[in-house]
Amino acid sequence: MKLRRLCIEQFRQFREPLQIEDFAPGVNLFVGPNESGKSTVVRAIRAAFFERCKSSSVEDLLPWGDSSASPSVTLEFDWQGERWKLAKRFLKQKRCDLEIDGRRFSGEEAEDRLADLMGYHFSGRGASKAEHWGIPGLLWIEQGMGQDIQSSVQYAGDYLKSVLGESLGEVASSAGDALIARVEQEWLKLVTAKKHSPTGEYADVLNDREVCRTRLDALNAEIDGYREQVDRLADLRSQLIADVGRPWESSRAQAAQAAAHLAEVQGWRQAQQQDGQTLQQMEASRQLCLDQLDAFVRQKDELAERDRTVERAVASVQDQEARQPVLQACLKDAQDAYEAAEAVFGRARQHERRVLLRHSLQRLERDQDGVQDRLKRSRALLEQLRLQRSELQTLRMDAASLKRLRSLIQEGSQLDVMQQSLATRLRFDLQPERHLDLGSDVLEGQGERLLLEPTDLELPGLGRLQILPGGQDLPDLARRRQAAQAAVQECLAELRVTDLLQAEAVAERRNTLQGDIRHAETMLKTLAPEGVESLVAQQAKSLADLQAARADLAALPAADGDDALPVASVAEVGRDMAREALKAAEGAAAGGEQDLNLARQALTSARAESQRLGDLLRSSDRQAQEKALNLRLIEQNAQMVSLQDAIDGRRAQIDAAHPDILEQDVQRLNASADAQESAAERRRQDLAGLQGRLEALGAAGLEEQQAECAQRFQYLDRRCTELEQRSAALGLLLELLQSRRQALTLRIQAPLQRHLQHYLQLLFGRSNLTVDENLVPETLVRGERDTESRTDYESLSFGAREQMGLISRLAYADLLQEAGRPTLIILDDALVHSDATRLSQMKRILFDAGQRHQILLFSCHPDNWRDLGVAAVEMESLKRSVR
């Protein structure tokens, strides 16, 4: 059997079709990290064969998070000169189609044909399990299950035995096995099958003997007890004479005196406990005063630190202001050089621009339609949000709202600084009575403008220049600033406050907004990530760009006199060099101005914080509060000293009384009195009962019963010896007969042993792996006859069992192939517990098996298989081909 093609779709992590073709006839190595889809491919092959298409127990095949999918698997393979094509779909569109060289089958008929071919059967109900997998379950190793061979062989046992040509049932039906069965039957009448414990007549005789021994021991004990009870009767009569004086009454009187003294001490203890609780409360109150005074001291230290922060901020502002003139002079020189180079390059690209404008017109028209639709939906969401927020005006503000407001104000301040430092600066020096139109602004004389968005500059008699602000993504920064300002105003409106100080005053009276507002804001963020105002600006900009492009295309002058100019590429190089110089100068100037603005902002913030804390510490309320705390602390200290003295005096009084000893005295004296009285009563009862028992025992004839029981015990002991000897003889005979049958079984298993021996020679040299009568690996024998070592399969290390399990499966595959049965070997992360030496030998074995079988090897350790002799297929490359 040779797999040719595999296609998986809507299957676990593969939502899109994943197709694998060009399978090699021998070893196929697929590598990739964890979660790359290796086990998913193996699961798809298993599902294609093992699961009924109509099964509802395969929800694990669904793509992650998609319950409406219909997992499908398509595979093609060759068998005995025919091409088999299987297409199976699960859950939503259940279907199974099988095509064999033009012959078509579907449903259960197709599935049953595959099961007959491969040697497995389906589950009667529910998902397929290991006991249903037969031959494929033996040859297809799941991840981490390579060492588990016993159950796989057991489930495939019937198929393997049929390949051998004779079943063990036929061997057992011979005359020799009939004798074994008869001997075993007779032996099992005496012992159990598993633990060889006595059973039947043997167990009954053993039990009767034990009962008889127990009865005999009991009679002997009764005779000895009778003699002891006679002596006990004399002792009881002498003790009853002493009980006439009631000695326990004296102990009860002493116990009453000790109880009265103990009650007085308990009153002292209750008063002590009450005073202790009062002292603890006073200590807690005193500690609270100390904590408040410590907080006042820390605030004074914080004020000194803030004053030092103001001094450092002043020095930083002065340093930044000193750098500005030098940076501006460098920027002016770079701008002049760039403008000259840009003019030359602009004329060279007029023809190119004419073509680009035509394409731009088409793109801008599409953008305009899309922006209008998003704007309409965004405005509807804004109206919805407005209505929802009005319903929450009466709720109290929470910490999250205050934190959000602070964050938005800080973000807006940072964006203001960044925008001012990165905006395009237009400086002008016009002749008297001359002016220029800059958008809606008229420029006259000398001055400077900050351009934050595209602006048209009208040149009388020459045309129009469109100035597009550049820098470090200034349009995006402007949109972010506009969105940040809108967010701050929106947040203030939501909280019904005018500034941050007022918001802090009502912060504890607000709660978090409800989920429906967050949902609407999420939808609005999806439609207008930078705010509706930004979307409006984007629509206006798109329309302006569309109109400007049309005007630019119509206003482009004819290409006259351009022959004397350099080619566009040469002019572009000159322009780029000048632009890089300008960018460097702009970056330096912008960085210097941004640093200056940040330093000024830090100075303002530091002064405000210092002023706020200073006003708080100098307030009359604070001073009065601190004075009151000190007076309260002095009063509490005096009260605590007085109360502690009372507690100490009472503790000494209680300790001197020893209450624990008093409690023990009461218990001891009462217990002594009770014990004395109870003992006297028991002696009276024992005397009466003992007299009756002695009279009954004297009439029972204990010596005669003891003689009869001894005779019965001797008979049972002889019978036990006879049955024990019979059991040992039958067990020995059964062992000899079974060893003879094992020799016959080994001759029948010779083909499997031959294939096992082939692989074992490559791994261990001189070695042999025995299998039991059910074809399950049993014992590994290594070395020469005189020095050989035997190790049970289950006693091998995990790595060795994994290697033996794989070798056994390859031997089974060779046996199946010789019998004309299809074989396909799948190894999912096998041999991960093998050391380097063993792994190298196992690679030789796999390569050798690949000459006879098709093997699919999946591994997350590609370095371990570089010398396997085949090219590895990367799972990531298969997934990229899907995308």
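Modeller: We may begin with a pair of charged side chains: R308 and E305 meet in a salt bridge, with an N to O distance of 2.5 Å. Please bear in mind throughout that this is a predicted model.

Colleague: Why are R308 and E305 separated by about one helical turn?

Modeller: They are separated by about one helical turn because they stand three residues apart in helix 9, which covers residues 248-348.

Colleague: How exposed are the two partners, R308 and E305?

Modeller: The general idea is to compare the relative accessible area with two cut-offs: under 20% is buried, over 50% is exposed, and values in between are partly exposed. R308 has 41% and is therefore partly exposed. E305, at 35%, also counts as partly exposed.

Colleague: Which residue does K332 meet in a salt bridge?

Modeller: The side chain of K332 meets that of D336, at 2.8 Å from N to O. These two residues are four apart in helix 9, so about one helical turn separates them. K332 is partly exposed, with a relative accessible area of 39%, and D336 is partly exposed at 35%.

Colleague: What is the N to O distance in the salt bridge of R449 and D441?

Modeller: For R449 and D441 the distance is 2.7 Å. R449 is partly exposed at 26% relative accessibility, and D441 is partly exposed at 29%.

Colleague: How many salt bridges does a search of the whole structure find?

Modeller: The search finds 43. Salt bridges may also be read as a network: R4, R5, E76, D78 and R83 are linked in this way.

Colleague: Which residues form a negative surface patch?

Modeller: The general idea is that such a patch joins like charges within 9 Å, taking residues that have over 30% relative accessible area and no salt bridge. Here D224, E228, D231 and D235 form a negative surface patch. One of them, D231, is placed in helix 8, residues 200-242. With a relative accessibility of 52%, D231 counts as exposed.

Colleague: In what sense do strand 8 and strand 18 pair?

Modeller: Strand 8, residues 140-141, pairs with strand 18 in the parallel sense, over two bridges. Within this pairing, I141 has L827 as its bridge partner. Strand 18 also runs parallel to strand 19, residues 855-859, and four bridges join them. There, I825 stands opposite I855 of strand 19.

Colleague: Where does R12 lie, and what is its phi?

Modeller: R12 lies in the loop that runs between strand 1 (2-9) and strand 2 (18-21). R12, likewise not a glycine, has a positive phi of about 50°.

How values were computed
Residues are numbered from 1 along each chain as its sequence is written. This is a predicted model: local features need pLDDT of at least 70, side-chain atom pairs count only at pLDDT 80 or more; totals for chains, interfaces and linings use all residues. Side-chain values use heavy atoms; hydrogens and water are left out. Patches are made of residues with over 30% relative accessible area and no salt bridge: like charges are joined within 9 Å, nonpolar side chains (Val, Leu, Ile, Met, Phe, Trp, Tyr) within 5 Å. Accessible areas come from the Shrake-Rupley method with a 1.4 Å probe; for residues, only the protein chains shown count as cover. A salt bridge is a side-chain nitrogen of Lys or Arg within 4 Å of a carboxyl oxygen of Asp or Glu. Lys and Arg count as positive and Asp and Glu as negative; His and the chain ends are not counted. The place of a charge is taken as NZ of Lys, CZ of Arg, CG of Asp or CD of Glu. Buried means under 20% relative accessible area, exposed over 50%, partly exposed in between (1.4 Å probe, protein chains only). Two strands pair if DSSP finds at least two bridges between them.
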